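Colleague: I am new to this structure and would like to learn how to read its features. Could you take me through them in turn?

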Amino acid sequence: MKLVSQHYYSQTPKSESHPNNIQVDICGLKLKLITDAGVFSKNGLDYGSRTLLEAFREPDGVKGPLLDIGCGYGPIGITLSLLYPERPVTMIDVNERAVQLAKKNAEANQSNANVLQSNLFENVHGTYAAIISNPPIRAGKEIVHQILENSSDYLLEGGELWVVIQKKQGAPSAIKKLEMIYQDVEIKKKDKGYYVICAKR
């Protein structure tokens with residue numbers, strides 16, 4: 001699938017860089033983050049990511065690391081690494097500008113999260129207790145459903161996939177897709193049209 005160069009899900013954004021400093025208050029944490037043109041939600045933490053983070057709970061009885069796929073400039077992965085310091089966190093994104101920002105933001109917020117550039121799961125190795133994603137809806141249903149389907153291969157037994165999708169942007173079809181793959185699929189939260197969905201392997 002060919003991605004258009006100016007979108008946040010492009011490997012190399014062509015938009016001129018305009019770094020911006022923001023503060024995000026989330027889950028009792030105060031994060032100082034650098035954002036930029038050409039990355040997702042550059043003006044602040046989007047409502048979907050906030051809803052996902054507030055709903056997320058670490059998998060009961062499953063030890064292991066966490067993976068944030070489509071991390072952008074890093075708010076989800078950095079928050080999780082600070083909330084669950086005993087769990088290694090890996091953050092990945094295809095967008096090289098987002099990856100560089102995520103690395104700077106992890107360091108600035110004293111997070112030990114590891115940040116990698118990866119087209120979907122291309123550079124992902126190992127298995128995880130949970131995979132967390134606010135998927136790139138604008139990249140298209142095919143890409144989003146690839147994330148939903150392929151995540152199963154990178155989850156430990158009993159591990160969980162947590163995603164947030166708006167109802168009008170495909171949550172019902174995502175739920176149907178997940179129910180074909182995972183043994184247990186549950187809507188954990190609904191808020192302003194956003195569905196936080198948990199699928200257990």
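Colleague: What should I know before I start?

Modeller: This is a predicted model, in which local features need pLDDT of at least 70, side-chain atom pairs count only at pLDDT 80 or more, and totals for chains, interfaces and linings use all residues. Residues are numbered from 1 along each chain as its sequence is written, and side-chain values use heavy atoms, with hydrogens and water left out.

Colleague: At what angle do helix 1 and helix 2 pack?

Modeller: Axes are lines fitted to C-alpha atoms, for helices over the stretch in contact, and angles run from 0 to 180 degrees between N-to-C directions. Helices (H or I, at least four residues) and strands (E, at least two) are DSSP runs, numbered from the N terminus. Here helix 1 (residues 47-55) packs with helix 2 (residues 75-83) at about 20 degrees, their axes being 10 Å apart. Helix 1 is therefore roughly parallel to helix 2 (angles under 35 degrees count as roughly parallel, over 145 as roughly antiparallel, 65 to 115 as roughly perpendicular and the rest as oblique).

Colleague: Which residues make the contact?

Modeller: Contact means heavy atoms within 4.5 Å. Helix 1 contributes S49, L52 and L53, and helix 2 contributes P75, I76, T79 and L80. By class, this contact of helix 1 with helix 2 has 5 nonpolar, 2 polar and no charged residues. Ala, Val, Leu, Ile, Met, Phe, Trp, Tyr, Cys and Pro count as nonpolar, Asp, Glu, Lys and Arg as charged, and the others, Gly among them, as polar.

Colleague: What does the contact of helix 4 with helix 5 look like by class?

Modeller: Helix 4 (residues 141-150) and helix 5 (residues 171-179) pack at about 35 degrees, with axes 10 Å apart. K141, H145, L148 and E149 of helix 4 meet S173, A174, K177 and L178 of helix 5. The residues of this contact divide into 3 nonpolar, 2 polar and 3 charged.

Colleague: How many salt bridges are found in the whole structure?

Modeller: Side chains of opposite charge can pair when their charged atoms come close. A salt bridge is a side-chain nitrogen of Lys or Arg within 4 Å of a carboxyl oxygen of Asp or Glu. A search of the whole structure gives 6. One of them joins K30 and D25 at 3.5 Å, N to O; K30 is exposed at 58%, while D25 is partly exposed at 38%.

Colleague: Which salt bridges link distant parts of the chain?

Modeller: Two can be described here. K189 and E54 meet at 3.6 Å, N to O. K189 lies in strand 8 (residues 184-191) and E54 in helix 1, 135 residues apart. K189 is partly exposed at 25%, and E54 is partly exposed at 36%. E157 and R201 meet at 2.9 Å, N to O. E157 lies in strand 7 (residues 155-166) and R201 in the segment after strand 9 (194-200), 44 residues apart. E157 is exposed at 62%, whereas R201 is partly exposed at 30%.

Methods
Buried means under 20% relative accessible area, exposed over 50%, partly exposed in between (1.4 Å probe, protein chains only).
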